[in-house]
Amino acid sequence: MDVLAYLIPISLILGGAGLLFFLFTLRTNQYDDPEGNAQRILNGDWDDHPKP
Amino acid sequence: MTAAMRPPPSACPACIAAPAAAALAERDEPQEARIALSVPAVHCAVCISSVESALMDHPGVRSARVNLTLKRASVEADPDVMPQDLIGVLDRIGYEAHELDAGTLSATQTDKAGRDLLMRLAVAGFASMNVMLLSVSVWSGAADATRDMFHWISAAIALPTIVFSGQPFFRNAWSALKNKRLNMDVPIVLAITLAVVTSLWEISLSGEHAYFDAALTLTFFLLAGRYLDHRTRAIARSAAEELAALEVPRAFLLLNGEEKQVPVAELKLGDLVLVRPGGRMPVDGEIVEGTSEIDRSLLTGETLPVFAEAGRIVSAGEVNLTGPLVVRATAVGKDTSLHRMADLVAIAESGRSRYTSLADKAAKLYAPGVHILSALSFFGWLLYSGDVRISLNIAAAVLIITCPCALGLAVPAVTTAASGRLFRKGMLIKHATALERLAQVDTVVFDKTGTLTAGTPELTNMGDHVVRDLEIALALSQGSAHPLSVSLSSALTAAGVKPARVEDLTEVPGYGTEGRWQGCRVRLGRAAWVGAEPRAETSAWLAVEGDTPKAFAFTDRLRAGADEAVKALLDSGKEIILMSGDAPGAVETLARRLGIQDWVAEALPEDKAARIAALGAQGKHVLMVGDGLNDTAALSAAHVSISPASALDAARVASDIVLLGGDLSPIADAVQTARSATKRIRENFRIATIYNVIAVPIAVLGLATPLVAALAMSASSITVSLNALRLR
């Protein structure tokens, strides 16, 4: 059962990282335009070089 | 190299040290303009990039971004860039655009409350998943030291989460208790706190049962219900605000003979305001210059335009039709008749707040019942066993297992599904209990002008005229932007009539158009101007010199779907009344055309509201559909109210539901949807009750384990949500 000493912290850290990432996306307004984001991926404007 | 550019305040260390310098630098820079445009036609990736690049190519634009979900473009530009220029830019590439008032919109830029709820929901979800993982290990047989360790880890996750995520419930429950009331949140808070406290007590004595997972799942499910509820209303609110923002409050102020565009809020008493044809009066006032016709239909319901010349009193909200007018303001802002009408609304509105929603009714039954039940089981077990720990444990189990969860989801899940369905059909549910009230409706009152009719005239007697007259009338009507002329010319063009050669075409504002045809003077306009007797129905007169004047009669065009809506409502057994401020003749014709038995004409705003209040006093549930300022008091006096998107701002604010499209036919459907939504809500309450009837005895007898509680809670919440989804 010693393996629990590693597994529980690992599962908490991984879950926590997911939570922090979600909070980051929430804070940077990434859910304001879900439809637009779905369409923008089809846009070929910046395919060859990054947006300046 | 960045010296010439404006540094963001935080990027410059010196500015942080000296905030005054930053403020100074800020003031020297010209402020940038933020322009919001509504672009209803964008729908794909190509639209996004073409709109954005077209806007970016316009000189002075710094950045442009399209929001496809809201169908809006927001632009940051130099202060001298005017919204009109950008609208022109988009028009050239084929996108219709409207300016949105940034002041009205700013409130909805970021939905702070929604984001806050989502954050708490995410934290609760994270914690409940981890705790559930540990709990499953306990249920599947972890014992002794391992079980205790799992319990303590669960406690370490659960306590901070409950403190953070449970705040909305704690706050609501506290404010309810402060006012000596009970709401749904009181038993919820009690269940959560009691579960956490007894579990802590249990695990400190290495006990077997801990309810941390139940407390967390409860928080998670309830927050999900709150978020759904909030989002439904936020969507409606932002769409309603966009409608309001479409009317940018600007006026043309005449200063020393020069005209200047200013916000309406800055107009003062005695200012001279120029109102162009097609513009709306921004103030109450007196005409000092110009002749024209004004359309008062939004204020009074009259269809016929009224002649206006110097000396005539006009009210804010009336529309100028033909010639430019200069108006001296006699009342501005809050003193205008437009705003006084809003006071009537406030009085009528106090009557409606008496409605108690189904959720409140359920909470009134549920909250005391649960408290009494869990108190009884606590004292019962205390008498029987004499052990406080066991008794408290059982009381907590009773509180948790009664599933406030399913009750918390029962209403929001259904209203979300129903509002989504109606939104797709073009209806916006603004008020939380509007659907429940709509389901009770048995009487429907319609306004005429602008609601059942589109407010645009339609030619009725084209067949009565000879081709020569039609040709002359077409040529004359093309010289004017008056609604009757526009309607006449489009009707005649559609019929294949070619315009006659009319020379010296001039428009005489307020009267009509005049010209010369084969040497004779020809006129198209008001009856008195061409020397004819005025008639009851709306008409434009054509006079050819030396000939008797001929009338082109118009009727107000029916709004799309009006026929279907009235028929469907009559078929479903609703009583329908037509109430209008217009003349009896016009009202009777329309009532007969639509098959409405009951009609009232020449009703003043107060009459409308009083009649609806009287119907309400007879025990009827009245649905009012109206658009004008004269309807606002009636809209708020009615049990529930609907207004079309073309309605005045005040009318839209006063109504519970806004029709986004021009079509009236969804109304009958909405009543149907509201009925089935209420049915689903009741079903959901019944489902929750059945779970309680089964689970509560188990809990009271002390047979409930955390596993049973978790199963009962999840199963009831999922059943309730699935039942709601059947409505989509």
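In the predicted model, the axes of α15(B) and helix α27 (residues 706–725) of chain B come within 8 Å and cross at roughly 20°. Angles under 35 degrees count as roughly parallel, and α15(B) and α27(B) are therefore roughly parallel to each other. Their crossing is right-handed. On the α15(B) side, the contact is made by C405(B), A406(B), L409(B), A410(B), A413(B), V414(B) and A417(B); α27(B) contributes M713(B), S716(B), S717(B), V720(B), S721(B), A724(B) and L725(B). By class, this contact has 11 nonpolar and 3 polar residues, with no charged residues.

Helix α15 (404–424) of chain B is also among the elements that cover the buried residues of α13(B), as are α9 (185–204), α14 (388–401) and α26 (666–700). Helix α13(B) spans residues 358–385, 28 residues in total, and reaches 40 Å from its first C-alpha to its last, close to the 40 Å expected at 1.5 Å a residue. Its buried residues are A359(B), A362(B), A363(B), Y366(B), A367(B), V370(B), S374(B), S377(B), F378(B) and W381(B). After α13(B) comes G386(B), with a positive phi near 75°.

Between the chains, 19 residues of chain B are in contact with 20 residues of chain A. The side of chain B that touches chain A draws at least two residues from each of α3 (45–57), β2 (61–67), α6 (112–139) and α7 (144–165). The most is given by α6(B), with 8 residues. By class, this side of chain B has 12 nonpolar, 6 polar and 1 charged residues.

How values were computed. Residues numbered from 1 in each chain as written. Chains lettered and ligands numbered in written order. Predicted model: local features only at pLDDT ≥ 70, side-chain atom pairs only at ≥ 80, totals over all residues. Contact = placed C-beta atoms within 7 Å. Helix = DSSP H or I, 4+ residues; strand = E, 2+ residues; numbered from the N terminus. Nonpolar A, V, L, I, M, F, W, Y, C, P; charged D, E, K, R; others polar. Expected span 1.5 Å × (residues − 1). Buried ≥ 20, exposed ≤ 12 C-beta atoms within 10 Å, placed from the backbone. Axes fitted to C-alpha atoms, helices over the stretch in contact; angles between N-to-C directions. Parallel < 35°, antiparallel > 145°, perpendicular 65-115°, else oblique. Left-handed = near helix turned anticlockwise from the far one by under 90°.
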